[in-house]
Amino acid sequence: MPYPAPSPVTVDITFKNYLPVEILSYLRSIERTDSHSIRFRAKDMPEAAHFVEFVTSYDIKLEP
């Protein structure tokens, strides 16, 4: 049985470069905590995992 994580889940991510932070900070649910870091508050662990998957697979070079 998996370990139950308390809700909500806070995800803090720090990047080497500022550009991903600049772009992700346009999303409503993202808080920019400093020039290289963001914070996302997820309602539960699956939502937090989906967010981390999105951030790690996002390519800035993609165009709409």
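## Basis of the model

This is a predicted model, in which local features need pLDDT of at least 70 and side-chain atom pairs count only at pLDDT 80 or more, while totals for chains, interfaces and linings use all residues. Residues are numbered from 1 along each chain as its sequence is written, and side-chain values use heavy atoms, with hydrogens and water left out.

## Strand pairing

Helices (H or I, at least four residues) and strands (E, at least two) are DSSP runs, numbered from the N terminus. Two strands pair if DSSP finds at least two bridges between them. Strand 3 (residues 37-42) runs antiparallel to strand 1 (residues 9-14), to which six bridges join it. Within strand 3, Ile38 is the residue opposite Ile13.

Strand 3 is also antiparallel to strand 2 (residues 30-34), with four bridges between them. Here Asp34 has Ser37 of strand 3 as its bridge partner.

Ser37 counts as buried because its relative accessibility is 7%; buried means under 20% relative accessible area, exposed over 50%, and partly exposed in between (1.4 Å probe, protein chains only). Leaving aside neighbours within four places in sequence, Ser37 is in contact (heavy atoms within 4.5 Å) with Ile13, Thr14, Val21, Glu31 and Arg32.

The side chains of Ser37 and Thr14 make a polar contact at 2.9 Å. A polar contact is a pair of N or O atoms within 3.5 Å; within protein, one must be able to donate a hydrogen and the other to accept it, and residues adjacent in sequence count only if both atoms are side-chain atoms.

## Salt bridges

Three salt bridges are present in the structure, each defined as a side-chain nitrogen of Lys or Arg within 4 Å of a carboxyl oxygen of Asp or Glu. Asp12 and Arg39 form one through their side chains (2.6 Å, N to O). This pair links distant parts of the chain, Asp12 in strand 1 and Arg39 in strand 3, 27 residues apart. Asp12 is partly exposed at 47% relative accessible area, and Arg39 is likewise partly exposed at 23%.

Another salt bridge joins the side chains of Glu22 and Arg32 (2.9 Å, N to O). Glu22 lies in helix 1 (residues 19-24) and Arg32 in strand 2, 10 residues apart. Their relative accessible areas are 30% for Glu22 and 34% for Arg32.

Arg41 and Glu31 also meet through their side chains in a salt bridge (3.0 Å, N to O). Because Arg41 lies in strand 3 and Glu31 in strand 2, the pair ties together parts that are 10 residues apart in sequence.
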